[in-house]
Amino acid sequence: MLFILLGTFVAGVGAAGFIILFYKIILKRPRPKAAVPLAAGSAMILLQIVLDYGWYARATADFDDNVVILRTAEGTSMLQPLSFIVPRTDRFLAIDKATIKKNDDYPGIRLATLFQAEKDGPTTTILQMIDCIGGKRADWSANEPLTEDAIGKANWFDIDGTDPLFDAVCNQP
């Protein structure tokens with residue numbers, strides 16, 4: 001957050017300096033009084049738009065083929081009216097296929113670690129137990145051992161066979 005604030009300040013100062021030099025060296029005439037604040041303000045707003053709308057692309061740029069984006073969520077804000085015209089992606093849920101664990105005692109059950117990344121927020125991990133045979137999923141705790149009793153007591157939710165989570169976890173070798 002501090003770097004965004006500093007970057008916005010630098011963009012404003014840079015645009016103001018550019019306008020001053022542009023009028024002084026290239027045009028060689030007096031500049032309008034509104035030119036410097038208008039350029040600085042425009043540069044700051046433009047930088048914020050670029051940072052807000054480019055967050056998702058920057059956050060997912062380095063993912064390898066094992067990471068699958070399951071869902072994205074778009075957000076709007078009264079303080080950013082452009083977001084009502086062109087919604088921006090504020091968070092996403094993804095799974096790293098390398099974290100999927102199988103258990104020979106329970107062949108249809110898979111354990112997976114999902115992560116939810118949020119713009120201007122922390123990245124959280126969500127442990128999920130997926131029943132590939134029954135088409136269900138449940139929240140899971142890493143502290144709880146995988147036993148028949150724990151599987152029976154889990155709070156299961158139905159998932160469709162076309163759900164991206166089911167596809168990423170169950171339709172792999």
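A salt bridge is a side-chain nitrogen of Lys or Arg within 4 Å of a carboxyl oxygen of Asp or Glu. Lys119 and Asp120 meet that rule, with their closest N and O atoms 2.8 Å apart. The model is predicted. Lys119 is buried, at 15% relative accessibility. Asp120 is exposed, at 61%. The pair also belongs to a network of salt bridges that links Asp52, Lys119 and Asp120.

By this rule the model holds six salt bridges. One of them joins Asp163 to Arg71, with the closest N and O atoms 2.9 Å apart. This pair links distant parts of the chain, 92 residues apart. Asp163 lies in the loop between strand 7 (157-158) and helix 5 (164-170), and Arg71 sits in strand 1 (residues 67-75). Asp163 is buried, with a relative accessible area of 14%. Arg71 is partly exposed, at 42%.

Asp90 pairs with Arg88, and here the closest N and O atoms are 3.0 Å apart. Asp90 is buried at 15% relative accessibility. Arg88 is buried too, at 8%.

Now turn to the helices. Helix 1 (residues 2-27) packs with helix 2 (residues 35-60) at an angle of about 140 degrees, and their axes are 8 Å apart. Angles over 145 degrees count as roughly antiparallel and 65 to 115 as roughly perpendicular, so the two helices are oblique to each other. Helix 1 passes helix 2 in a right-handed crossing. Helix 1 contributes residues including Gly7, Ala11, Gly12 and Ala15 to the contact, and helix 2 contributes residues including Ala39, Ala40, Ala43 and Leu47. By class, this contact has 15 nonpolar, four polar and no charged residues.

Technical notes: Residues numbered from 1 in each chain as written. Predicted model: local features only at pLDDT ≥ 70, side-chain atom pairs only at ≥ 80, totals over all residues. Heavy atoms only, no water. Axes fitted to C-alpha atoms, helices over the stretch in contact; angles between N-to-C directions. Helix = DSSP H or I, 4+ residues; strand = E, 2+ residues; numbered from the N terminus. Parallel < 35°, antiparallel > 145°, perpendicular 65-115°, else oblique. Left-handed = near helix turned anticlockwise from the far one by under 90°. Contact = heavy atoms within 4.5 Å. Nonpolar A, V, L, I, M, F, W, Y, C, P; charged D, E, K, R; others polar. Buried < 20%, exposed > 50% of the residue type's maximum accessible area, 1.4 Å probe, protein only.
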